[in-house]
Amino acid sequence: MSIDAKAVEHVANLARLELSEAEKEQFAGQLSAILKYAEKLDELDTDGIEPTSHVLPVTNVMREDEVRESVSNETALRNAPDDEDGQFKVPAVLE
């Protein structure tokens, strides 16, 4: 697969980048070289290899829930710009 200057121009437009014709040609060549190198992966025999999402085994580190002291309602509302009935009062966002 190769990238041409038209594809580079399209991506540059999406990214709101202004590129000269020389830059478009340069990037087209560089991106094509990257894709050509990545195509080498097609030569690998991957039959029997399980797909992975991470290179290393990843496990969740969970802790037990425990009841502990929390911030009081008064402390939480101390710096609130506005409160009502023990709750933060915020401007309505829907009509």
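**Close-up 1. Arg16 in the loop between α1 and α2.** Arg16 is placed in the loop between α1 and α2, where helices (H or I, at least four residues) and strands (E, at least two) are DSSP runs numbered from the N terminus. This is a predicted model, in which local features need pLDDT of at least 70, side-chain atom pairs count only at pLDDT 80 or more, and totals for chains, interfaces and linings use all residues. Residues are numbered from 1 along each chain as its sequence is written, and side-chain values use heavy atoms, with hydrogens and water left out. Arg16 follows α1 and its phi is positive, near 60°, in a residue other than glycine. Arg16 is exposed, with a relative accessible area of 70%; buried means under 20% relative accessible area, exposed over 50%, and partly exposed in between (1.4 Å probe, protein chains only).

**Close-up 2. Packing of helix α1 on helix α2.** Helix α1 (residues 5–14) and helix α2 (residues 21–38) pack at an angle of about 105°, their axes being 8 Å apart. Axes are lines fitted to C-alpha atoms, for helices over the stretch in contact, and angles run from 0 to 180 degrees between N-to-C directions. α1 is therefore roughly perpendicular to α2 (65 to 115 degrees). Ala5, Val8 and Glu9 of α1 meet Lys24, Glu25, Phe27, Ala28 and Leu31 of α2, contact meaning heavy atoms within 4.5 Å. By class, this contact of α1 with α2 has five nonpolar, no polar and three charged residues (Ala, Val, Leu, Ile, Met, Phe, Trp, Tyr, Cys and Pro count as nonpolar; Asp, Glu, Lys and Arg as charged; the others, Gly among them, as polar).

**Close-up 3. The two sides of α1.** Ala5, Val8 and Ala12 are buried in α1. Seen down the axis of α1, these buried residues fall within an arc of 60°, so they line one face of the helix; the arc is that of the directions from the helix axis to the C-beta atoms. The buried residues of α1 pack against α2. Lys6, Val11 and Leu14 are exposed on the face of α1 turned away from its buried side.

**Close-up 4. The two sides of α2.** Lys24, Ala28 and Ser32 are buried in α2. Down the axis of α2, its buried residues fall within an arc of 65° and so line one face of the helix. Their cover includes α1. On the other side of α2, Ala22, Ile34 and Tyr37 are exposed.

**Close-up 5. Asp85 between two strands.** Asp85 lies in the loop between β1 (83–84) and β2 (87–88). Although Asp85 is not a glycine, its phi is positive, about 55°. Asp85 is exposed, with a relative accessible area of 71%.

Note on methods:
Angles under 35 degrees count as roughly parallel, over 145 as roughly antiparallel, 65 to 115 as roughly perpendicular and the rest as oblique.
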